[in-house]
Amino acid sequence: MRALVGDERAWEALVERPLSELLEELVPDDLTRGVVATDALIGTFAALDDPTLVQNRCFLYHVIGGGTGNWDLPVGGMGALSAGLVAAARRAGARLRTGAEVVGIDPGGGGDGGPVLVSTAGGERFVAQHLLAGVAPAVLAGLLGDPPPDPAPEGSQLKLNMVLTRLPRLLDASVTAADAFTGTFHVNESYSQLQAAHSQAASGQIPEVVPLEAYCHSLSDRSILGPELAGSGAQTLTVFALHMPARLFAGADHDRVKQRAVAAALASLDSVLAEPIEGCLMRDALGRPCLEAHTPLELQAELGLPGGNIFHQPLRWPFAEAPGEVGRWGVETARPNVFVCGAGARRGGGVSGIPGHNAAMAVLAARRPAL
Ligand SMILES: Cc1cc2nc3c(=O)[nH]c(=O)nc-3n(C[C@H](O)[C@H](O)[C@H](O)COP(=O)(O)OP(=O)(O)OC[C@H]3O[C@@H](n4cnc5c(N)ncnc54)[C@H](O)[C@@H]3O)c2cc1C
């Protein structure tokens, strides 16, 4: 990869040295430096000079994009994407089952692939030659009866989803709300604010000024609102608050800490608005505001994201590191008949489709008769 990149300085700065060094050398302005740095911190609890370089990997994942660094939105939302996958799978003859929690996987003798036995909470059992697991590696380890990964994965974000009757007015009257919210709306994400928030969270405190970013997907694609709301002025607003590691919420007082964290995040957003966001929230039939919040621990409980880590595990370099990995698909496990097909694969993380493709290729390779 180093040779392919062909730029020693870029390789050193991005793959060998903490990202802070590059940012501090190239970007003098505190605000601009912070905005660039956020790509290194999404879902990742790290200082920008962290010696593990997990922040460098997070940065690379976010700027790789489809080769351009652009972040794409599926038209119609993620539901449209999964509906497309469902249709393709059905066309190919797949039988789909949802709501079937897997509670155990027996990989059998497994010498050269299968059979593997999968049991569900409903008491069903499935036998197959190969198993492709979309769950996080830590969840897979639990289902196989293997020891959990050490250290345990940890996510670091508070997520707020809102439906608004209209966009809020901004303190800065020189920008329209529609212009400001098209793309990523950065709030309190200067470099020094990010550093302060990290050290407060590392010492067990909810950051005093919460760095966050907001995305208004309905400005790009009104179809996600559905026909009823699409004709109104309604907008979706999703907020991703940084430096909210799972450990902050791990005590017995989860709900109280969550309440404080949500209030701090909303106060941070309000600090750049000319009116509180609260007043723009749509209300449901019972008069409740359309706002939902998820802590990392709630993501763990609801979606099986270990420690609420949105990437399933700490991000690894998007290329083979150990000699044994070279020439393989990056989806292999210690069991020859079990593959990962989700974010836990090599070059997993995020919505890329790469692990699913690679797991399918690995099964085809395993089924090919040896020459
Ligand atoms: C708040 C948030 C914001 C994000 N923003 C972005 C973004 O902007 N761009 C981007 O690319 N990525 C983003 N991500 C990350 C992205 O969503 C994930 O990387 C992606 O969904 C991983 O896909 P996956 O299919 O590997 O796993 P998942 O989508 O996590 O799917 C795993 C599935 O396995 C199920 N499961 C778990 N345990 C069991 C079990 N025992 N039995 C049966 N089923 C089980 C879960 O319910 C889940 O449906 C975000 C994630 C979060 C949480």
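Which residue in β8 is the bridge partner of Lys-159? Select Lys-159 and look across to β8: the partner is Phe-240. Before going further, note that this is a predicted model, in which local features need pLDDT of at least 70, side-chain atom pairs count only at pLDDT 80 or more, and totals for chains, interfaces and linings use all residues. Residues are numbered from 1 along each chain as its sequence is written.

**Stop 1**

Now select the strands themselves; strands here are DSSP runs of E with at least two residues, helices are runs of H or I with at least four residues, and both are numbered from the N terminus. Two strands count as paired if DSSP finds at least two bridges between them. β5 (156-164) pairs with β8 in the antiparallel sense over nine bridges. With strand β9 (residues 291-294), β5 also pairs in the antiparallel sense, over four bridges.

Colour β5 by burial next. A residue is called buried if 20 or more other C-beta atoms lie within 10 Å of its own, exposed if 12 or fewer, and partly exposed in between, with C-beta atoms placed from the backbone. By that count β5 is mostly covered, with eight of its nine residues buried.

**Stop 2**

From β8 (residues 235-245), step to β7, which pairs with β8 in the antiparallel sense over four bridges. Pick Leu-212 here: its bridge partner in β8 is Ala-241. Then select strand β6 (residues 184-187), which runs antiparallel to strand β7 (residues 212-215) and is joined to β7 by four bridges.

**Stop 1**

What does Ala-241 touch, not counting residues up to four places away in sequence? The list is Gln-157, Leu-158, Val-210, Leu-212 and Ala-265, where a contact requires C-beta atoms, placed from the backbone, within 7 Å.

**Stop 2: backbone details**

Stay in β8 and select His-243, which is found in that strand. His-243 has a positive phi of about 50° although it is not a glycine. It is also buried, with 28 other C-beta atoms within 10 Å.

Move to His-312, in the loop between α13 (296-303) and β10 (338-340). Phi of His-312 is near 75°, again a positive value in a residue other than glycine. His-312 counts as buried, with 27 C-beta neighbours inside 10 Å.

Which peptide bond is cis? Go to the one from Asp-150 to Pro-151, where omega is near 0°. Pro-151 lies in the loop between α7 (137-144) and β5.

**Stop 3: domains and the ligand**

Colour the chain by domain: domain 1 (2-64), domain 2 (78-151 + 312-367) and domain 3 (156-308). These bounds come from an automatic or database domain assignment. The C-alpha centres of domain 2 and domain 3 lie 32 Å apart.

Why does the ligand lie between domain 2 and domain 3? Both domains give residues to the shell around the ligand, so the ligand lies between them. Select that shell: 17 residues surround the ligand, and the closest are Val-102, Gly-304, Ile-310, Gly-342 and Gly-350. By class, the shell has 10 nonpolar, five polar and two charged residues. Ala, Val, Leu, Ile, Met, Phe, Trp, Tyr, Cys and Pro count as nonpolar, Asp, Glu, Lys and Arg as charged, and the others, Gly among them, as polar.

**Stop 4: Phe-59**

Finish at Phe-59, in helix α5 (residues 54-64). Phe-59 is buried, with 25 C-beta neighbours inside 10 Å. Leaving out residues up to four places away in sequence, Phe-59 touches Leu-19, Asp-39 and Ala-40.

Methods. Near = placed C-beta within 6 Å. Contact = placed C-beta atoms within 7 Å.
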